[in-house]
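Here is a short tour of the structure shown below. Have it open beside you as you read.

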Amino acid sequence: MSAARIDAKQSGRWLGAYVLVYVIFLYLPVSLIPLFSFNDSIQAAFPLQGFTFEWYATLSGNSALSGALANSLVIGAIAATGATLCGITVSYMDLFGRSPLAATISAIARLPILIPGVIVGISLLILVNLIGFGPSRTAIVLGHILVALPTTVVIMKSRFAAIPKTIHEAALDLGASDWTTFRRVMLPLSLPAIVSAFMLAFLTSFDEFIVAFFLAGTEPTLPLYIWSQLRFPKSLPTVMALGTAILAVSFVIAAIAEILRHRGLAAAQRPVPANLSKPEETERGELQWHST
Amino acid sequence: MATPMSTIVARQPLPESRSSTGFRLAMLLPGGLVTFFLILFALGLVVFLALRGNDGSLLGAGFTFANFITVASDPLYWTVTLRSLAIAGLVTLATVVTAYPVAYYLAFHAGRRRGLLLFLVTLPFWTSYLLRVFAWKIVLAYNGVLNSALIESGIWSEPTLAFLNTPAAVIVTLAHAYAPFAILPIYVALDTIPKSLLEAASDLGARPFTSFRRVVLPNSMPGVLAAALVVFVPTVGDYVTPALVGGPASTMIGSLIQAQFGKANDWPFGAALAVAVMLVILAVVLVVRSADRRFGSRT
């Protein structure tokens with residue numbers, strides 16, 4: 001028994017070292033973008049040439065860039081609102097609607113995980129051309145609602161499932177209508193998850209390239225602007241400065257969203273016995289069912 | 001029978017069924033619109049278009065299987081499809097194999113560091129995919145980070161072109177970009193293995209490795225399969241990474257679809273390629289499903 005313990009401890013240490021290397025490797029390539037964004041050279045190569053803010057200075061006063069930024073912000077806000085609204089209603093009806101239609105909608109809403117972005121892009125491209133407005137910011141909003149939908153559905157479903165059923169039943173027994181139960185009881189209880197879902201949906205849209213590529217008209221989003229700049233070696237440092245800013249914003253928003261999500265789940269589960277801890281597991285298990 | 005919103009919120013208790021119907025309708029509407037119209041109808045359009053001839057108009061003309069016949073008979077598409085499958089398969093394998101020990105550590109050894117580590121491995125997941133791929137471009141380029149670092153440290157004297165524009169570059173880049181996708185499902189599967197099973201194994205005299213091979217590994221297979229699926233699907237249809245770091249020798253099926261809807265401007269043919277990709281993914285999903293059932297799905 002004790003030999004096994006020591007064995008386990010030792011293998012734990014080796015694993016720990018591996019995990020450390022893994023995490024470093026996970027962050028290393030991306031961390032080069034901020035590193036070289038301060039490098040006083042047009043090439044991303046060693047040795048470093050000296051420290052400069054020059055590339056960040058080129059970001060201001062660039063009207064194409066600020067236009068793309070404005071597009072990304074507007075599209076992200078609207079798409080995140082739509083995806084969150086759908087995530088809330090779809091998962092709520094899936095859990096409390098007791099109807100096969102609601103369960104079907106919930107299953108289909110998670111389908112975009114199993115569709116490569118290129119196919120989501122072309123299917124919506126055909127659709128928006130058929131409707132008539134064609135590639136445009138509206139088209140990108142529709143695409144990003146789809147891309148963010150699995151995330152918001154999974155987050156909201158795990159949150160609603162983590163609220164003890166008794167609370168929902170108590171509200172109904174005390175005479176609250178379905179709508180009142182939803183609005184006055186279930187929504188306030190899941191507010192952190194709603195904020196978290198909105199933020200992650202916003203990030204998904206803000207960073208999304210694959211689908212937006214097909215659906216953009218004359219007004220590009222930020223990732224499309226970056227893509228257009230990648231052709232010019234001269235604009236490489238500017239792209240890195242811009243990338244650094246985007247990475248910083250993404251990290252902050254994602255960090256807040258993740259903290260909110262876990263806080264919310266932890267708070268909801270504290271008074272609940274072990275058998276109800278399942279929702280969080282499914283949620284963690286399914287959350288990565290989402291493609292960027 | 002639709003009840004207006006205002007009556008639903010009214011204080012006066014309504015007959016259960018009326019309030020219920022309006023509420024249900026309002027709650028099912030947004031999700032229903034998105035799923036049936038944006039997902040199912042739009043996918044239906046792709047299948048429809050795949051069966052049409054290209055006459056330059058939006059929905060093509062006439063019904064034909066010509067697009068599918070071309071896809072199936074032209075060796076180019078076989079080559080590219082097989083290459084996509086090989087690349088996506090290798091990426092999936094690399095991602096899952098490297099992620100498994102991390103998930104194992106998180107589930108059994110992380111202790112107090114678990115929260116922080118989970119946070120660290122999830123975070124890159126929410127950063128820009130384009131930037132993650134772009135980072136590899138600057139690493140692998142001729143005048144790039146890796147070449148200059150190797151020369152700087154005296155290992156090599158000349159920069160090499162061997163890194164960029166190879167299928168290997170695509171595999172490394174994709175494996176890295178999708179690494180965070182694989183850890184969580186495996187972790188969840190490992191974490192939900194009842195501790196009593198492990199205790200039983202060791203009580204019955206199983207060595208740690210035996211109990212890993214006979215108890216932990218089979219019980220974590222649903223997570224491994226889920227991880228494989230979420231990595232495989234986006235990689236098999238990817239066109240960004242081949243375009244940025246792959247070069248012409250690593251054209252993937254996603255690149256061909258993108259070209260049909262862009263430069264080549266043959267939408268019906270592009271739609272047929274897309275349908276072919278969906279069929280491949282469907283086959284993979286079915287295989288994974290049946291394997292999952294064999295291991296006794298818990299998710």
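## An exposed position in chain A

A:A248 sits in helix α12 (residues 236-269) of chain A; helices (H or I, at least four residues) and strands (E, at least two) are DSSP runs, numbered from the N terminus. A:A248 is exposed because 11 other C-beta atoms lie within 10 Å. For that term, a residue is buried if 20 or more other C-beta atoms lie within 10 Å of its own, exposed if 12 or fewer, and partly exposed in between, with C-beta atoms placed from the backbone. Between the C-alpha atoms of A:A248 and A:A45 there are 22 Å, and the two residues are 203 apart along the chain.

Before we go on, a word on the model: it is predicted, local features need pLDDT of at least 70, side-chain atom pairs count only at pLDDT 80 or more, and totals for chains, interfaces and linings use all residues. Residues are numbered from 1 along each chain as its sequence is written, while chains are lettered from A and ligands numbered from 1 in the order in which they are written.

## Chain A as a whole

Chain A has 13 helices and zero strands. Of its 292 residues, 50% count as buried. Contacts (C-beta atoms, placed from the backbone, within 7 Å) tell us about the fold too: among those in chain A between residues at least 6 apart in sequence, 78% join residues at least 24 apart.

## Where the chains meet

Chain A brings 85 residues to the contact and chain B brings 84 residues. On the chain A side, helix α1 (residues 2-37) gives the most, with 17 residues. That side of chain A has 62 nonpolar, 17 polar and six charged residues. Here Ala, Val, Leu, Ile, Met, Phe, Trp, Tyr, Cys and Pro count as nonpolar, Asp, Glu, Lys and Arg as charged, and the others, Gly among them, as polar.

Chain B is divided into domain 1 (5-50) and domain 2 (68-294), with bounds from an automatic or database domain assignment. Their C-alpha centres lie 36 Å apart. Four residues of domain 1 of chain B are in contact with six residues of domain 2 of chain B, and the domain 1 side comprises four nonpolar, no polar and no charged residues.

Helix α8 (residues 167-177) of chain B is mostly covered, with nine of its 11 residues buried; among them are B:V170, B:L174 and B:H176. B:L76, found in helix α4 (residues 75-108) of chain B, is exposed, with 11 other C-beta atoms within 10 Å.

Definitions and conventions
Contact = placed C-beta atoms within 7 Å.
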